[in-house]
Amino acid sequence: ILWACISLLAFFVLFRQIQDLLIDYRKYEVNSNVEIASPTTLPFPEVTICNVDSFQWRKMFQNNVTEPRNETELLAISQSRSNFILAATYDNEDVTDSWKPVITHNGLCWQFNTDKRITLPGDGSSEGLW
């Protein structure tokens, strides 16, 4: 009898919770506000490139570094920008010297950014984006 009472009580609580959920669901309350913004320009994204072979063995032997322990050692054994990026242009301007070093989980990488903005041809709907 005890288990029957507990089971009936559990089914009653389950029934009430399902009933409350269905009542809340059927209220059809919607709390969303959708706005579509189509900017005509966007900021230029940062471009970062990394060398897969980030350490130069010759420099490692010269500097007696087997694995870099700090930024100074990493810079000492990594490939220089002038050896890695031979030439770069953006918007018909030479930006070869505009690359800045950045330390990532891949080692020393080179990053380019500009204050220029990219002009978009449209909002994308004419290009097949919906």
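Biologist: How much of the protein is buried?

Modeller: Of the 130 residues in the protein, 18% are buried. Buried here means under 20% relative accessible area, with over 50% called exposed and partly exposed in between, using a 1.4 Å probe and protein chains only. Keep in mind that this is a predicted model, where local features need pLDDT of at least 70, side-chain atom pairs count only at pLDDT 80 or more, and totals for chains, interfaces and linings use all residues. Residues are numbered from 1 along each chain as its sequence is written, and side-chain values use heavy atoms, leaving out hydrogens and water.

Biologist: How many helices and strands are there in the protein?

Modeller: Both are DSSP runs numbered from the N terminus: helices are H or I with at least four residues, strands are E with at least two. This protein has four helices and seven strands, and along the sequence they follow the pattern α-β-β-α-α-α-β-β-β-β-β.

Biologist: Now a pairing. In which sense do strand 5 and strand 6 pair?

Modeller: Two strands pair if DSSP finds at least two bridges between them. Strand 5 (residues 100-104) and strand 6 (residues 107-112) pair in the antiparallel sense, over five bridges. A hairpin of two residues joins strand 5 to strand 6, and Lys100 stands opposite Gln111 in strand 6.

Biologist: Which residues make up the largest nonpolar core?

Modeller: A nonpolar core is a set of buried Ala, Val, Leu, Ile, Met, Phe, Trp, Tyr and Cys residues joined through side-chain atoms within 4.5 Å. The largest one here has nine residues: Phe44, Leu74, Ile85, Ala88, Val95, Trp99, Leu108, Trp110 and Phe112. Strand 6 gives the most to this core, with three residues.

Biologist: And the rings: how many aromatic pairs does a search of the whole structure find?

Modeller: A pair of aromatic rings is described by the distance of the centres and the angle of the planes. Rings of Phe, Tyr and Trp (its six-membered ring) pair if their centres lie within 6.5 Å; planes under 30 degrees apart are stacked, over 60 edge-to-face, and the rest tilted. The search finds two pairs.

Biologist: Why is the pair of Trp99 and Phe112 called tilted?

Modeller: Their ring centres are 5.5 Å apart and their planes are at 40°, so the pair is tilted. This pair links distant parts of the chain, 13 residues apart: Trp99 is in the loop between strand 4 (93-94) and strand 5, while Phe112 is in strand 6.

Biologist: Are Trp99 and Phe112 buried or exposed?

Modeller: Trp99 counts as buried because its relative accessibility is 10%. Phe112, at 6% relative accessibility, counts as buried too.
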